[in-house]
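Keep the sequence and the structure side by side as you read.

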Amino acid sequence: MSLRTTPFHSRTGPLSEGQAWRRWAGYVVASSYELSHDREYHAIRNAAALFDVSPLYKYLITGRDASRLLDHVVTRNVGKAKVGQVLYTPWCDNDGKQIDDGTISVLGEQRFRMTSADPTLRWLHLNSRGLEVAIEDVSDRTAALSLQGPSSREILQLAAERDLSGLKYFRLTDAKIRGIPVTISRTGYTGDLGYEVWVDATQAVPVWDALIEIGTAYGITPAGMLALDVARIEAGLLLIEVDYFSSRHALIEAQKSSPLELGLGWTVATDKERYNGQAALEAERMGGGPSWQFTGLTVDWDSLERLYAEVGLPPRLPTQAWRASVPIYDRGGNRQVGYATSGGWSPLLKRYMALAHLGSDSAAPGTEVRMEVTVEHHRKQATAHVTPLPFFNPDRKRA
Amino acid sequence: MSYDAIVIGAGANGLVTAHYLARAGKRVLVVERRHGADPSADIGWVPPRVVRDLGLRDLRLEQPDPWITIPLGGGGGGTLELSRDMARSVDAIRRVSPADAEQWPEFCRRMRSIAGVLERLYLAPPPDIETRNARELARMAGLGLYVRRLGKQTVIDLARILPMSIAELLDDWFASDALKGALGALGIWHLKQGPRSGGTAFNFLHHHVGCPAGVFRPLRSNVTQTLARMTGVEIRRGERAAVVAKHGRATGVVLEKSGDTILAPLVVSSADPRATLHPIAIELDPEFARAVDNIKARGVVARGTLTLDQAPSYSSLCIAPSLEYLERAYDDAKYGRDSAAPYVEVQRTDSRLEVHVQYVPYTDGTANVQRHQTLQQKVAQQLGVQASQVKLQSPDEEELQRGATEGHLYHGELTLDQILFMRPVPGWSRYRTPIEGLYLCGAGTHPGGGIPGAAGRNAARAIL
Amino acid sequence: MTATTRYEAIVIGGGHNGLVTAAYLARAGKSVLVLERRPRVGGAAVTEEIFPGFKFSMFSYVVSLLRPEIIRDLDLPRHGLHILPLESTVTPMENGDYLAGWADHDETRRELYRHSPRDAEAYDEYGRLMHFMAQAVKPILGMVPPDPTSFAPGDLAALFKLGKHFRGLGGERLHALVKLMTMSSADFLDEWFETDVLKATKSASGIIGTFLGPRSPGTAYVLLHHYMGELDGVFRAWGFAKGGTGAVSEAIASAARGFGAAIRCDASVARVIVRGGRATGVALENGDELEAGTVVSSLDPRRTFLQLLESNDLPADFVSDIRRFKFRGSSGKVNLALDALPSFTCMPGIGRQHRGAFSISPSLDYVERAYDDAKYGEFSRRPYMDIVFPSMIDPGMAPPGKHVMSIFVQYAPYNLNGGWTDAKREAFGDAVVNTVESFAPGFKSLILHRQVITPLDIERITGLSEGNIFAGELALHQLFFLRPAPGWAKFSTPVRNFYQCGSGTHPGGGIMGASGRLAAMRILKDGR
């Protein structure tokens, strides 16, 4: 036994020029298909990028109490969602600490598809005591593609042979591509106009082929995880195990975060019955709000340039997004006020951005802080300013 | 009609809690699923504080003397009878093993000393080892000091003996199979474990609580009937009640038959924790619900009655000829079978003969007629009577009739991982539940089964 | 005869604990002599060339429990210690399927998922919990057990520290610890998993060296004991010493010599010389008497106190406590020289599976039944076995192309009905080989040589009483301040200047060396 390949591998495999693969949930997926990920990134913002996101964990939840189960688990109000809606939501343990985040697609009155970054089957089962509900792991059975970018709508309309202009942000619809039944949701992990296509794994390849054939004229570009990583930082989207730890994996309390601390306060419903973590989250809200904030940072160009100039070098930019824990200090550079967990250069916005956890008193937009940077083996501090997320939020995303 | 408190279950613990609450001025309703009062005797020590506090004047405590009659195998037959009087027991044991007779008084003294520690532990909520509360810490320190003052030997005995198997403990002291079998049987009471399993020495001592030195069978009493006859609380029989909870608060109970809801700000359940909490799982932290599911309550005892034409010569008869006999009886249970040769004990209370048969493992919650007949025949044969004279109820039947999960009389086995602050669920041993206004007071809570009223009193005190 | 040299310390027994004690004492500048009865050091951790060209770790065969601080303090890698990873476990099932655990997390998850999707997830959480628990217990391994019956300030302080440590764990982990200390491994695993073969294989590590079945309370602790293995800072990593486990002993011996300790083999100690309540030296079987300021025994408690000393040297209740200390050896070993590697039905062919262990534990009932046999005085007709092919990891263990196979077997009770005889030993060996054959047809024809070791053989060869591989059962009532006897769990003994340092003292068991190290610390602290 070795690592598994996704249902699209017969197509994605030959595309890989540099054999740059990475692991995702026990599968291999492309880091980038071309030798550099630049073009793949620009396709996201300029044309359309096609990602293979099949390794996502997917669960089908059906039955009379399906929405009750989900409402018991997640922080958003699933009972209020309408058929055809997709919800992005975190879920928590009883102490209000975040376990994972994902989406819930309302496929029918008693039929939901949940995606998650970590395996969630057992947790759903643990929560389903006494409920009339069936939980099915459809991860292997369901292939998923993500088509993201300004041209994604035109391509998909042609492929699905139907008008998608009525499909609103975070809504889904059934459709057919080359006669193959698919579900199309207007969702994604890039913060751009984009769609995800869900299809039975056995019929995955023709769907890929159709999108590539039709999309070529529109600049469709298969893209890998490196490009996606830059885009998701621009969009200010969290990544588990990078930007936060699942409370079920955390070794110590300090590694856990609540959704309120992760900037997901908007997903924590106030109008629903008991769910895991409700009491703790309400208490956190009542008690003056979270003590941490998850926010953006923009590293000042001048400051960075100066640090490099001191050693006689031009600034070196992180063209690949980094994932590390980097200390953030207050303006004076003495007191640590937080840490950044992801960062990188935005080729579109032409700025050095980072995602950071800051103590609430240092997290107001515009606050000046210092971020640690290593310049020629020496630790320095660059000036940075707190920037509200997302960094990039085009109108077309929702339009 | 409105109540301050509703108690589910009219067993000894439920009624004790109800009466304590009533004495504190609360209007209390007790809901019991069974129609009639249970005629069987209550087994175990009724804490004297309960008797005093509630003025149980009609309470009858019984302890037959001799407290056990052990048929001796071999050609000669005969019996070994153990009595409350130490000297008489020593004389009787001497006939089977002079060496064991020598050991008897010291053994009894040592066991009594540990049981004394347990008694003290049982009359209060379990020590809260996580606490930062100064009073609780002081209480724990007091307990520690009390134990240490009993002497070095008791401290070592507590640490050494409690985790031991009853077989190891008895092998350390005695040689006679008959004696070890009869004593060892107490160590496996209501456990799906054999005499060689660790922790059975604890179970043995648990059932020694409240007994005088040298008596290793619990007292028997009519405490439930006494409590049921007392005034002060309203009892509604023949109704199954389930807890109603919303937004993490108990609001009352719903009656299964009528569907009527009775409101009360306080609900106390003496039913087993799983049966109580399962219907409201949606209101619970899934990890807590998982812990509740993990409570081991594997019924292994068939209970019943024996009808004889005339009173037998014994007041208490134990068929457990050796530790190996018990161990082999357990081997069957391990693989889900009724013991081919079970441990059988008959206890006489007035004219009523009650039978305890072990191991009859819980299977799937259905009554199996053929299994039932085989079992009754087997037991009748062992007792030398007709099958029609034996009436037994398997754990499966017990569950069907009483609702105790897996037919476990104690609502959870008394193993070392399910006592004190681990009972009923680790971290929730103070009779409270995560549902505000819902308390537990049954055998599933500290100190567990076999001490009728102790959990009920502790729970009432925790509530008040 | 009179002694020619007087040593500051004499260590009786050159097993790994004795050697560790000697090395630490020598490192502190003491003149130390180790006396070993056999022609080689190592005790139960020896490598022997039993058949020409075929080398075996005769008894103990895997390492991971060896305390990292000992490896560091004694700089064992410099003395030849090289631990190679042993990372997979394959459990053949009766239906021809298997359960495998691989080094790679994704691969293991995928494999478990095949058996139960829920268990695949539970496995991660279980692993994390056990990791915490091992960490929680770790400080205890490095601690001299306080005496709870004592009012001495040192004991009270240590008890207080211990209490604080446990409370610091927080409720959830504290409760898990209580469960691990008291439950059966089957019950404990039932709380986590539904796959029977997974529970069987996990529970097997809870019965090793005990006279208990997977459903016997107390086995969950042994489960944890085996999780405490730590290699390169990673918990629960099992390894195999290059050159066999004898190489571990040799490395420690070499370190001890490097610090100036003398080691004498073929020197069997008859008794400890006690004068006026003090140990003053030892008398050898050959009549020699050697003087020493301190005498340390690494033998098990029974031999240390009931054989090396006269009973009137010791208080009567202490003697009866030691008599009561349980050994009940239950494990045997079959060492085979093979012409070629066997192919298992469940995973045909020769491959990477042979670089890990095969666990013959197809179901909980299978393991429990193996115990039932032993409980009534028979060896298991179909025993639990842990099989490794050391020559696949270290090619030097067998001639090129040939292999050695190590089979750890349970249960083989020391007190066999009718006693062990040569015929019974061979019958036991047959039961083992036939059981393996049922999972790997054709295996028997590959056997070139066979060595069967019963608990009685272990006792005869290594001196471990009743052949108990942990020098005394790892039962709750024989641990910590009760190991080996209440009041005497701090390495000192009722005889002044006489100490104990074997696995029969806290924390005991496995090639851990912690007892030896703690004993040395204690001796040095006492100013000896």
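Val197(A) is buried, because 25 other C-beta atoms lie within 10 Å. A residue counts as buried if 20 or more other C-beta atoms lie within 10 Å of its own, as exposed if 12 or fewer, and as partly exposed in between; C-beta atoms are placed from the backbone. This is a predicted model, in which local features need pLDDT of at least 70, side-chain atom pairs count only at pLDDT 80 or more, and totals for chains, interfaces and linings use all residues. Residues are numbered from 1 along each chain as its sequence is written, while chains are lettered from A and ligands numbered from 1 in the order in which they are written.

Val197(A) sits in strand S13 (residues 194-200) of chain A. Helices (H or I, at least four residues) and strands (E, at least two) are DSSP runs, numbered from the N terminus. Beyond its neighbours within four places in sequence, Val197(A) contacts Ala144(A), Leu145(A), Leu147(A), Val182(A), Ile184(A) and Val207(A). Contact means that the C-beta atoms of two residues, placed from the backbone, lie within 7 Å.

Now turn to the cores. A nonpolar core is a set of buried Ala, Val, Leu, Ile, Met, Phe, Trp, Tyr and Cys residues joined through C-beta atoms within 7 Å. The largest has 166 residues, of which Ile10(C), Ala23(C) and Ile252(C) touch the most other members. Another core, of 135 residues, lies apart from it and includes Tyr20(B) and Leu183(B). In soluble globular proteins, nonpolar side chains tend to be buried together.

Strands S9 (residues 241-246) and S10 (residues 249-255) of chain B pair in the antiparallel sense over six bridges. Pairing requires at least two bridges found by DSSP. Ala241(B) has Leu255(B) as its bridge partner in S10(B). Two residues lie between the strands of this hairpin, and His247(B) takes a positive phi near 50 degrees.

Next come the interfaces. Chain C puts 25 residues in contact with 27 residues of chain B. On the chain C side, helix H6 (171-182) and helix H13 (364-375) are the elements that give two or more residues. H6(C) gives the most, with six residues. Between chains A and B, the contact takes 11 residues from chain A and 12 residues from chain B.

The model scores ipTM 0.93 and pTM 0.94.
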